[in-house]
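Dear colleague,

I am passing on a structure that I have been looking through, and I would be glad if you kept it open while reading the notes below.

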Amino acid sequence: MKYNVILGTGSSAPENVVTNHDLEKIMDTSDEWIVQRTGIKSRHIARPGEKFSDFAVASARTALERAGIAASDLDLIIAGTMTADYIMPSGACSVQAILGADKATGMDVCAACSGFIYGLSIADKYLKCDPDLHILVIGGEIVSHHLDWDDRTTAVLFGDGVGAAVVGARSEGHRLLAVETGSNGNLGSLLYIQGGGSATPITKDFDIKDTYIQMKGREIFKHAIKNMVDISNRALKNAGVSLDQVTKIIPHQANIRIIEMLAHQFKKPMSEVFVNIDRYGNTSAGTIPIAFNEAVEAEFLQPGDIVLMTVFGGGLTWAAAVIEW
Ligand code: UT7
């Protein structure tokens, strides 16, 4: 009997680190406010010329090496991102070309922060149709290009970075027990980028401010908790696992207060919850795979752990995955 398993993980972020104290110098904010309201102390911000594929390829190479899979053996590359190198071709196709993953199919998933777990969901279903496939799932962003550095309500929150996992079917390994996704397009205006699409195309009168992220933070906060709890419960039910059996949580890293509220709702101590928001901020589709990879590298995940991942983002979208480590 073969199961869908995680074969390897990797992550990568720009070298350039911007601290809250650096931000204090360019906008009306303070380290104290940012730490207290969000838990963020610093974030990685791409330098000019650095692009999505640089970090996607680096994280993919690590994940492939740990999986013992050659790029030429990949059948599918799924990139959860809204900040690929180009509008066209897709980020997955850019990665395919650099890796030389010649037999793979490449596609992007546009689900904002939920992109990586959406990608896992697609990989899970492909593998249920054909267990011989090897799939690279990437999630992450160069989101800093969409930040208004004059807007303290969004600029301090986000950072750049990408993570990846290789998924395949094996008789043993880190088993993917369930992946669930959801969305509500009616609430799209709570978190959006107005310009660059067909509604507000780039014309000669285009206002650069239309490429910046707009967010109604307080409302998003409420929806984030409710939907991450609901989708987690659905994923646990489908995995045949009770909340009591969950031993580790890897949550979306958008705000430490959201993470703490989630832990409280799940009646779990923070010692069982992986947190790296202090060093990364919100990397959108990057939060889950970067945290996942760091949790693996730090041996925070131990054999036998039941791991719950859950995420929330623009769309609105949300998702959860349950893995037996
Ligand atoms: O990844 C997608 C999902 N995203 C999320 O889940 C984010 C969810 N939302 C949040 O995390 C929080 O709502 C924020 C961190 C975005 C904002 O925290 P908040 O506690 O909801 O603050 P607020 O927006 O209500 O603002 C409170 C005050 C305001 O001042 P006044 O009007 O009370 O005088 C803001 O102007 O804090 C002010 N403020 C700041 N002050 C210093 C907002 N941003 C800053 C800042 N520095 N960077």
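What follows is a short account of the salt bridges.

Please bear in mind that this is a predicted model, in which local features need pLDDT of at least 70 and side-chain atom pairs count only at pLDDT 80 or more, while totals for chains, interfaces and linings use all residues. Residues are numbered from 1 along each chain as its sequence is written, and side-chain values use heavy atoms, with hydrogens and water left out.

Taking a salt bridge as a side-chain nitrogen of Lys or Arg within 4 Å of a carboxyl oxygen of Asp or Glu, the count comes to 12. Among them is the pair Lys-248 and Asp-305, whose side chains meet at 2.7 Å, N to O. Lys-248 belongs to strand S11 (residues 248-251), whereas Asp-305 sits in the loop between helix H10 (287-297) and strand S12 (306-313), so this contact ties together parts that are 57 residues apart in sequence; helices (H or I, at least four residues) and strands (E, at least two) are DSSP runs, numbered from the N terminus. Lys-248 and Asp-305 are both buried, where buried means under 20% relative accessible area, exposed over 50%, and partly exposed in between (1.4 Å probe, protein chains only).

Another salt bridge joins Asp-230 to Lys-226, with the closest N and O atoms 2.4 Å apart; these residues are four apart in helix H7 (residues 217-239), and therefore separated by about one helical turn. Asp-230 is partly exposed, at 37% relative accessibility.

Asp-22 and Lys-25 also form a salt bridge, at 3.8 Å from N to O. Here Asp-22 is partly exposed at 31% relative accessibility, and Lys-25 is exposed at 68%.
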